[in-house]
Amino acid sequence: SVSSGGLFPTGSHEYEVFRFALSHHQDIPKLVPQVDMLNIGNSFAMTYAFCSQFSKGVYAIIGLYDRKTVNMLMSFCGALHVCFVTPSFPIEASNQFVIQLRPELQDALVSVIDHYKWTKFVFLYILSKGLAVLQKVLDTAAEKNWLVTSVNLETMTEAAFMKVFQDLDKKKEGQIVIDCEMEKLTSILKLIASHGKNLKSYHYILANLGFLDIDLTDFRTGGANVTGFQLVNYTDHNVSRIIQQWMEFDSKDTKVPRKMLKARALTYDGVSVMSAAFQNLRKQRIDISRRGNAGDCLANPPAPWGQGIDIQRALQQVRIEGMTGHIQFNEKGRRTNYTVSVLELGPDGPKKSLTHWSIYFHPQVGYWNEDESYVNTATYSHVGNDTTGLQNRTYIVTTILESPYVMLKKNHDQLTGNEKYEGYCVELAAEIAKHVGYRYKLEIVSDGKYGARDPDSKMWNGMVGELVYGKADVAVAPLTITLVREEVIDFSKPFMSLGISIMIKKPQKSKPGVFSFLDPLAYEIWMCIVFAYIGVSVVLFLVSRFSPYEWHAEDFEDGQEQQQQQQTPQQQQQQNQEQTNEFGIFNSLWFSLGAFMQQGCDISPRSLSGRIVGGVWWFFTLIIISSYTANLAAFLTVERMVSPIESAEDLAKQTEIAYGTLDAGSTKEFFRRSKIAVFEKMWSYMKSADTSVFVKTTDEGVLRVRKSKGKYAYLLESTMNEYIEQRKPCDTMKVGGNLDSKGYGIATPKGSPLRNPVNLAVLKLNEQGLLDKLKNKWWYDKGECGSGGGDSKDKTSALSLSNVAGVFYILIGGLGLAMLVALVEFCYKSRTESRRMKQSISDAMRTSTLTRMSGNGSGGENGRIVTHDFPKSMQTLPCMSHAAGMGLSATGM
């Protein structure tokens, strides 16, 4: 356990949040709290509490400060090397032992002010929060010639405060920045609303990171424009889960509000940072224990804590995702690499419910981070009259019958108007009309064409022609955005991106081989592993022979020790000089094999050179085995379909599979005009093929793919490729990526008042995810081959015997080989014994067999092995696992 201190204001609820956070961080080392509730503005009380906790041996302290006590805390932390983790307002002074959880806001504020192009505004602030933000604004104002009126709210009366707004009204200016803590900010906003200064003519920027925690109902009804910053993303799944747990938390204080505000989220993240830091120290085995008396914090000279530097480094090195986003610190203990959302309030903003909040606000209009500065993401217009008058007429929407974009319903004869049609573009036209606010009528283009210019008459046909000549107001169809079309009509942003793709007949699934467990590594790698195994074993044998530290005197048995005592001193000295080396060539091979199989071995190198060989071999086997294991599951459990081609490059390299396009279309023109080498080669093949590879219709091309048994590939637009893939008989598939990039857009005549509203509607639908939802509905949900591609996807299934049959073959072969080797050894030993005992081989084999089968062959006193009949080299079993060694001792072998 690690003792962690806490300094929280009296009457606040931060201690309950601290307890709640500790209940979520029970990992070892466990944080044990030492908490004091006090007046953080009282320097004496803060000094006493800090020293008291330091003497109790806390490792780090989490708490709050204010402008009066911040310097005192920084002095103590710097002198005693005690880290102070705080969610309070950030300070400019650099003290590496003060870890500031709250990000700095001044850079984001200046970027937003610059984005709105403010040159004259009022800056309202309070001193208790510090002057860092004000100083940054004034410095920037001097650089950009801004006129800033700074007002200290702590020294102003209500009458003087309203005098500021009266002056703004006279100058017809209403741009105000308010820099206050949450409690003071709430009272100021209520005062502003009570005096009617929440009208449309005012624009407020709230320099606070909890925009969604503020009640702005009065400002919504008044119509004022309010911009603010948000640090906590309440829509994040993890944040929502923590908030739900906080609402269910059994608090001792029944008056604790259940809102997880910004300050409380920072306190929660502070505990997370401390827990992560101490866990990292434990993993690194850094000793930070406090032994004996912790010392006096008021000693002169101060005695800093020796392990404080380690804890400070661990805290600054924390990288986690918390309730307030990405948490990371620089060398000064300040937050870095964070993102702040920028939100706006508007009179017609959508209502969004955030668990226990309900607030009216516009969607996120931008964000700010250190790398990109302010990035504007607003997709709506501040001008409210863009679509005035659009509701007074019915607009003609031209389209084309093309599955699945526009199709006739089965009972279309019984229906009239727009109800006769269904499809992707039918629903898209309805959504756009709903967002823009106009009535419309769907009409199918008379000539059934998309639109091209006649080279002779220079007249446009198809849907483009109907827009150019005023027969239609909008075209909602799979109409490709091109340069020549853009010259005569206007396109919206693309509602669908696509490109030329390759369609082939779906190949059959490959059957797993007997030795499929070898597939995770290539054949070349297996051969290299074998050579590496032999090479390492040989090198280990050589370095063991050359190194004097691998040679050692042989241990003697009891009988040999008695013989040695009877020998003369010269004989004993000569015998003591006999040394052995365990790393013969076979033991070297066995050591390398044991390491590769991750089973270990009882012998290990003694010399430095031998250990270097062993170390690099262990590292090699670690990487190889890890890589093999990572790929093995996928190769054994996933049924794969072997595709003959994977890209356009594969098509261009071969001539066995023919490929072609629509005879008259943009795809054929793409290859004819392309200057890319691969596409030029493909075009050269297509135009010179003996049998024509071009088809007259898309249906003909699809039918040719299905009947060619994998010998024909059709090049068409990716959206149609994906749609056909979901149609029965489900025997086609898309391979590779798109060869080019283009998009479908909604077209309007040049200068149409519908252009901007339709464009904004498309962007809004895209951000809301409705376009993707429509595509999934008409491509996959209504597909006939299963969701998300059906059989075209790899499926994970249970392992069958065919997947691992090779392993059993190797096991049976190894067992048979072992029996064969044992028989050879037995025959060889029997022959040796027959020569030594001057017997026939059959008698020696019979004697050995009877001796072993009777169970007395391993006899000898006290179960010890009788080895005097065996050569010395056969008396040692140097390389076996510990379990095997124990087994030998127990059985008397």
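A residue counts as buried under 20% relative accessible area, as exposed over 50%, and as partly exposed in between, using a 1.4 Å probe and protein chains only. Helices (H or I, at least four residues) and strands (E, at least two) are DSSP runs, numbered from the N terminus.

This is a predicted model, in which local features need pLDDT of at least 70 and side-chain atom pairs count only at pLDDT 80 or more, while totals for chains, interfaces and linings use all residues. Residues are numbered from 1 along each chain as its sequence is written, and side-chain values use heavy atoms, with hydrogens and water left out.

**Strand β18**

Strand β18 covers residues 394-399. Of its 6 residues, 5 are buried, so β18 is largely enclosed by the rest of the structure. Two strands pair if DSSP finds at least two bridges between them. β18 runs parallel to β21 and also pairs in the parallel sense with β22. Tyrosine 395 has tyrosine 440 of β21 as its bridge partner. Threonine 398 faces alanine 475 in β22.

| Pair | Residues | Bridges |
|---|---|---|
| β1 and β3 | 2-9 and 60-63 | 4 bridges |
| β18 and β21 | 394-399 and 439-444 | 6 bridges |
| β18 and β22 | 394-399 and 474-475 | 2 bridges |

**The five-stranded sheet**

An open sheet holds 5 strands in the order β2-β1-β3-β4-β5, with parallel pairing. β2 (31-38) and β5 (98-100) stand at the edges; each has a single partner strand, so one side of each lacks a neighbour in the sheet. On average, neighbouring strands of this sheet are turned by 25 degrees against each other, direction ignored. Glycine 5 stands opposite isoleucine 61 in β3.

**Helices on the sheet**

Axes are lines fitted to C-alpha atoms, for helices over the stretch in contact, and angles run from 0 to 180 degrees between N-to-C directions. Contact means heavy atoms within 4.5 Å. Helix α1 (residues 14-24) lies across β1, β2 and β3, at about 175 degrees to β2. Helix α10 (residues 262-283) lies across β1, β2, β3 and β4 (83-86), at about 170 degrees to β3.

**Where α10 meets α11**

α10 also packs with helix α11 (residues 308-316), at an angle of about 120 degrees and with axes 8 Å apart. The two helices are therefore oblique to each other. Angles under 35 degrees count as roughly parallel, over 145 as roughly antiparallel, 65 to 115 as roughly perpendicular, and the rest as oblique. From α10, the contact takes Val273, Met274, Ala277, Phe278 and Leu281; from α11, Asp310, Ile311, Ala314 and Leu315.
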